[in-house]
Amino acid sequence: QVQLVESGGGLVQPGGSLRLSCAASGSIFSSNIMGWYRQVPGKQRELVAEIFSGGKTNYADSVKGRFAISRDNAKNTVYLQMNSLKPEDTAVYYCNSKNPLHLFDPQAGSWGQGTQVTVSP
């Protein structure tokens, strides 16, 4: 079981930037798919971005061109750089780590506790 701890959330004005970090424990970090998801009250959790062990990335259409996911396998850490933030980006952001065999299961893997991102004037 991989344990994940997110950090970097907070309050930012529209157009601003934040960088989220997710520190993982466990030797399987480098082979797992790492992802960032977000959830707002009353809605389902949605995929924001994911990065595969080889570096391939996948983004939600709503964040393409504004967000960038990266990973540092030596530090067991995954990052989400968020630029040009909009009020609709406000959500709790969760880090996820899962075995590639569970690629198409959005509930699979280990989850962090979440970090709040609020975009407001």
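Is aspartate 61 buried or exposed? Aspartate 61 is exposed, because its relative accessible area is 64%; here buried means under 20% relative accessible area, exposed over 50%, and partly exposed in between, with a 1.4 Å probe and protein chains only.

## Basis of the report

The model is predicted, so local features need pLDDT of at least 70 and side-chain atom pairs count only at pLDDT 80 or more, while totals for chains, interfaces and linings use all residues. Residues are numbered from 1 along each chain as its sequence is written, and side-chain values use heavy atoms, with hydrogens and water left out.

Strands are DSSP runs of E with at least two residues, helices are runs of H or I with at least four, and both are numbered from the N terminus. Two strands count as paired if DSSP finds at least two bridges between them. Between β1 and strand β3 (residues 18-25) there are five bridges, and the two run antiparallel. Within this pair, glutamine 3 stands opposite serine 25 in β3.

Strand β5 (residues 46-51) pairs with β4 in the antiparallel sense over five bridges. Methionine 34 has isoleucine 51 of β5 as its bridge partner. The two strands form a hairpin with six residues between them, and in its turn glycine 42 has a positive phi of about 85°.

On to strand β6 (residues 57-59): this strand and β5 pair in the antiparallel sense over three bridges. The bridge partner of isoleucine 51 in β6 is threonine 57. The hairpin of β5 and β6 has five residues between the strands, and glycine 55 takes a positive phi near 105° there.

## Strand β9 and its partners

Strand β9 is largely enclosed by the rest of the structure, because seven of its eight residues are buried. It pairs with β4 in the antiparallel sense over seven bridges. In this pairing, arginine 38 has tyrosine 93 of β9 as its bridge partner.

Strand β11 (residues 115-119) also pairs with β9 in the antiparallel sense, over three bridges, and tyrosine 93 stands opposite threonine 115 in β11. Two bridges join β9 to strand β10 (residues 110-111), and these strands run antiparallel. Here asparagine 96 stands opposite tryptophan 111 in β10. As background, side chains in a regular strand alternate between the two faces of the sheet.

## The disulfide

How many disulfides does the structure hold? The structure holds one, a disulfide being a pair of cysteine sulfur atoms within 2.5 Å. It is formed by cysteine 22 and cysteine 95, whose sulfur atoms are 2.1 Å apart. The disulfide is left-handed, because the torsion about the S-S bond is about -85°.

Cysteine 22 lies in strand β3 and cysteine 95 in strand β9, so the pair ties together parts that are 73 residues apart in sequence. Both cysteine 22 and cysteine 95 are buried.

## Salt bridges

A salt bridge is counted where a side-chain nitrogen of Lys or Arg lies within 4 Å of a carboxyl oxygen of Asp or Glu. By this rule there are four salt bridges. Lysine 64 and aspartate 61 meet in one of them, at 3.1 Å from N to O.

Arg38, Glu46, Arg66 and Asp89 are linked in a network of salt bridges. Arginine 38 forms a salt bridge with glutamate 46, with 2.7 Å between the closest N and O atoms. Arginine 38 counts as buried because its relative accessibility is 6%, whereas glutamate 46 is partly exposed, with a relative accessible area of 36%. Arginine 38 also forms a salt bridge with aspartate 89, the closest N and O atoms being 3.0 Å apart. This pair links distant parts of the chain, 51 residues apart: aspartate 89 is in the loop between β8 (77-82) and β9 (91-98), and arginine 38 is in strand β4 (residues 33-39). Aspartate 89 is buried, as is arginine 38.
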